[in-house]
Amino acid sequence: VCLLFGLSSAAEAAQKWEVGIAFLASAEGDEYQEAIDKNIQEIEKVSGGAYLKIGVFRDLLDRAEYRISSQGSVRAAPVTEIKKTTRGDSIFFAEEYLIRFFKEIFQNPNSKRLLIIYGHGHAYNGFELGSLLQLKRLLVDGLPARSTSESRIPPLDALWMDSCLMGNVEVAYELRSIAHYYLGSEETEFASGNPFDALSVL
């Protein structure tokens, strides 16, 4: 929450934000899925407006779905649903669909960009469904660059891991090229996750 206040206060009053939230927990049980449902309901209450674009991605066992809203709340945005036909070893978190989501949510190179990843973290070993190096490759390949002329600029302003055990030096170092700021927990987290209503400060 403090990070959001810091980033928003440092920006201009009319600074635009693009916020992507990816729930990557298709293999988790009913209780975990219920926690995700509650988080999405909390996100839907955030008032977007002309300067806040919010997108929510969710990976499920039989499909992936996402919704993006550039005006008003996420509730007003249509859900794009993609049926899964294959899930080979090369697909990490419904990879091809997640990349499609990245390209739709992060379109303005002049906006501030925040990506929140919610899932079952295992520190340097990555997530329940894939390794940290697989996640890094997915972010490097999938996140739209700021510009072709300045390739060293990270594609994100902030990467927020809403996942257990991901707030350590090894993970932050591995993902150092992805964002200016990295936020994660060194401890285990409750399934309820981050206070998503804090996005309203943007």
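Okay, ground rules. The model is predicted, so to speak of local features I need a pLDDT of at least 70, and side-chain atom pairs count only at pLDDT 80 or more, while totals for chains, interfaces and linings use all residues. Residues are numbered from 1 along each chain as its sequence is written, and side-chain values use heavy atoms, with hydrogens and water left out.

Confidence, then. pLDDT is the predictor's confidence in each residue, from 0 to 100. The protein averages 77, and 74% of the residues score at least 70. Residues 86-91 stay under 50, and the model has ten contacts (heavy atoms within 4.5 Å) for them beyond four places in sequence. Where pLDDT is low, the predicted coordinates should not be read in detail.

On to the pairs. Side chains of opposite charge can pair when their charged atoms come close. For a salt bridge, the cut-off is a side-chain nitrogen of Lys or Arg within 4 Å of a carboxyl oxygen of Asp or Glu. Searching the whole structure turns up six of them, and I'll go through some.

Take Glu44 and Arg67, whose closest N and O atoms are 3.0 Å apart. Glu44 sits in helix 2 (residues 30-44) and Arg67 in strand 3 (residues 63-69), so this bridge ties together parts that are 23 residues apart in sequence. Those elements are DSSP runs, numbered from the N terminus: helices are H or I with at least four residues, strands are E with at least two. How buried is Arg67? Its relative accessible area is 19%, which makes it buried, and Glu44 is buried too, at 12%. Buried here means under 20% relative accessible area, exposed over 50%, and partly exposed in between, with a 1.4 Å probe and protein chains only.

Next, Glu174 and Lys136 meet in a salt bridge at 3.0 Å, N to O. Glu174 counts as buried at 15%, whereas Lys136 is partly exposed at 23%.

Last pair: Arg146 and Asp157, at 2.4 Å, N to O. Arg146 is in the loop between helix 4 and strand 6 (156-163), and Asp157 is in strand 6, eleven residues apart. Both ends are buried: Arg146 has 13% relative accessibility, and Asp157 has 8%. And which residues make up the network of salt bridges here? Lys112, Arg146 and Asp157 are linked in it.
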